[in-house]
Amino acid sequence: MIATEQTLDTSGTDSLLPTSDPFADWYGDTGWRRETGDSVAHGVAVRSEIAANDCDSLWRVLVEHRLLTRLAGPLAGECFADVLAQWEEHLSALVPRSDWEQAAVVPRPSRDPAGSAELLRHGFAPVRVLAVRPADRLAAPGPATQPGVRIRPAEPADLDTAVALSLRLQRYDAQFGLATPRPNAEGLLREALSEELRRGEPTAWLAELYGRPLGLLRIQFPPGTAWISPFVAVDRMGYVASLHVDEAARSSGVGSALAAHAHQLFDEAGMEAALLHHALPNPTSTPFWYAQGYRPLWTYWYRRPAVR
């Protein structure tokens, strides 16, 4: 068993990682520890579940089994291999085999490669990233405005357009193993977007290309970003919940204009950093976001199903 640790040693790894443990509230009493000389690996097993009628079910599996890790020392990978094997034995006794709605997940600081080889040997892949863009980071050079592109707040009358663009994004992302096609997707998105578009402060924005709505941006400000704040070492952050450009407008500058608009709003509100999640295997979003000044902060290693 393992005692809960409340601090992280991030020295030399990433200055934007928090010094307090972002997973501290998740800890239970099922865990393992392995030491070899001055190297150590800790692992704590936790489980989270959401309902199929929750809007978050569109972007993740219903049940996640997470191994929360703390690795240190030159032989941390070898220690981690033993911890990982014990967790897998624990999962095998707990999780039905080949259940697509259950995934095994190991979050790791992106700049810390310890344990990567062991995760690959056990069938895990780096699938999801929490990326960060500090407020003073410059995006790739480009024109300040794009010809024919107009960005405006989405209004209640735009609900059908916002739902259609969000559905296309969800279906596209489902190819990369995180988002899951669900028969109630349209209803869940319509309910969530309807509520969002009725708010006083705009958090959803449409991009029109020569008058045709072809892009949707959704963002969050404090206090709505409290759920993500423990994962980064800044006090005020904005979050890009989604950005989607219709295929007809790809490479037209619509996506870059929406990203620049989000960053302008964050800067005007005094945000110290912007955060977002993206699927690492996505051939469009990964290069796009890093061209906008983002970099990986946390990498989530997935195996789905959790037990094969």
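Q: What does "buried" mean here?
A: Buried means under 20% relative accessible area. Over 50% is exposed, and partly exposed lies in between. This is a predicted model, and the labels are computed from it. Take one pair as a start. Arginine 295 is buried, and aspartate 14 is buried too.

Q: What do arginine 295 and aspartate 14 form?
A: A salt bridge needs a side-chain nitrogen of Lys or Arg within 4 Å of a carboxyl oxygen of Asp or Glu. Between arginine 295 and aspartate 14, the closest N and O atoms are 2.8 Å apart. The pair links distant parts of the chain, 281 residues apart. Arginine 295 sits in strand 11 (residues 295-303), while aspartate 14 is in the segment before strand 1 (31-36).

Q: How many salt bridges does the structure hold?
A: The count is 18. Another of them joins the side chains of aspartate 21 and arginine 70, at 2.4 Å from N to O. Aspartate 21 lies in the segment before strand 1 and arginine 70 in strand 3 (residues 63-72), so this bridge ties together parts 49 residues apart in sequence.

Q: Are aspartate 21 and arginine 70 buried or exposed?
A: Compare each value with the cut-off. Aspartate 21 has 7% relative accessibility, so it counts as buried. Arginine 70 has a relative accessible area of 12%, so it is buried as well.

Q: Where do arginine 190 and glutamate 186 lie?
A: Both are in helix 4 (residues 185-197). They are four residues apart, about one turn of the helix. Arginine 190 is partly exposed, with a relative accessible area of 30%. Glutamate 186, at 40% relative accessibility, is also partly exposed.

Q: Which residues are linked in a network of salt bridges?
A: Arg150, Arg152, Asp158 and Glu208 are linked in this way.

Q: How many disulfides are there?
A: The test is a pair of cysteine sulfur atoms within 2.5 Å. By that rule there are zero disulfides. Cysteine 55 is partly exposed, at 23% relative accessible area. Cysteine 79 is buried, at 0%.

Q: How many residues has the largest nonpolar core?
A: In soluble globular proteins, nonpolar side chains tend to be buried together. Here the largest core has 26 residues. Val232, Leu275, Leu297 and Trp298 have the most contacts inside it. Strands supplying at least two residues each include strand 2 (39-49), strand 4 (102-109) and strand 5 (125-134). The largest share, four residues, comes from strand 11. Another core, of 25 residues, lies apart from it; Trp205, Leu209, Val240 and Ala262 are among its members.

Q: How does the span of helix 3 read against the expected value?
A: The expected value uses 1.5 Å a residue. Helix 3 (residues 159-173) has 15 residues and reaches 21 Å from its first C-alpha to its last, close to the 21 Å expected. Its buried residues include Leu159, Val163, Leu167 and Asp173. What covers the buried residues of helix 3 includes helix 4, strand 7 (204-209), strand 8 (212-220) and strand 9.

Q: Where is threonine 225, and what is in contact with it?
A: Threonine 225 is in the loop between strand 8 and strand 9. Threonine 225 is buried, with a relative accessible area of 2%. Leaving aside neighbours within four places in sequence, threonine 225 is in contact with Gln220, Met237, Gly238 and Tyr239.

Key. Residues numbered from 1 in each chain as written. Predicted model: local features only at pLDDT ≥ 70, side-chain atom pairs only at ≥ 80, totals over all residues. Heavy atoms only, no water. Buried < 20%, exposed > 50% of the residue type's maximum accessible area, 1.4 Å probe, protein only. Core = buried A, V, L, I, M, F, W, Y, C linked by side-chain atoms within 4.5 Å. Expected span 1.5 Å × (residues − 1). Contact = heavy atoms within 4.5 Å.
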